[in-house]
Amino acid sequence: MVRIKEAILVEGRYDKNSLSQIVDAPIFETAGFGIFKNKEQMALLRRVAEARGLIVFTDADGAGFVIRNHIKSAIPAEYLKHAYTPDITGKERRKSAPGKEGKLGVEGMTPEVILEALRRAGATFEDSAQRMPGNITKQDMMALGLSGGANSSALRLQLTKKLELPAHMSANALLQALNLLYTLEELTDIVKTLEHKNG
């Protein structure tokens, strides 16, 4: 497992599954063309990109380039890096037939090809002993009332609204986003202001 500083953006869950077995990094999905309509997700990606950088790793087919260009138009170039898969014909194991252009996507690449694509993109490989920013745990979420409590979902909804994060994030997705953007101390202060507001 290789640790990478930047977050990585892929098209779908199978791409995410392939990458998560190779790299230790936050991995986000575009849900294919779903990213075009999801303003909250795009806002989160922009904030993550500004905080730690974002590697766009879409498939090498036409659809992948349409998505990549959309991201390029929405997030300033200085926060983006671009990883490209080579043009390899074939089909992924789970599919009965190749895609429209007959090329393997990110999910069909070997670990070696994926790591080489990330190196070429300029990914920041980190020492695995190094601690990533963000020290918020699931226990912290419970202690702050953001999970496991009677009013946790209402408090999470208030928090996502205040932080301008997607409203329907699961507790795990919220934990990942919080660790990318805030320290435990900052989060604690924000939750206290929400509790004070609730009286």
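**View 1. Helices and strands of the protein chain.** The protein chain holds eight helices and seven strands. Helices (H or I, at least four residues) and strands (E, at least two) are DSSP runs, numbered from the N terminus. Its radius of gyration is 18 Å, close to the 16 Å of the globule rule for 199 residues, so the chain is as compact as a globular protein of that length. That radius is taken over C-alpha atoms, and the rule is 2.2 Å times the number of residues to the power 0.38. This is a predicted model: local features need pLDDT of at least 70, side-chain atom pairs count only at pLDDT 80 or more, and totals for chains, interfaces and linings use all residues. Residues are numbered from 1 along each chain as its sequence is written, and side-chain values use heavy atoms, with hydrogens and water left out.

**View 2. The open sheet E3-E1-E7.** Three strands form this open sheet, in mixed pairing. Strands E3 (23-24) and E7 (125-126) are the edges, each pairing on one side only. Two strands pair if DSSP finds at least two bridges between them.

**View 3. Strand E1 against E7.** Strand E1 (residues 2-4) runs antiparallel to E7, joined by two bridges. Arginine 3 stands opposite glutamate 126 in E7.

View 4. Of the 199 residues, 43% count as buried (under 20% relative accessible area, 1.4 Å probe, protein chains only). Among contacts with a separation of 6 or more, 62% come from residues 24 or more positions apart. Contact means heavy atoms within 4.5 Å.

Definitions and conventions:
Buried means under 20% relative accessible area, exposed over 50%, partly exposed in between (1.4 Å probe, protein chains only).
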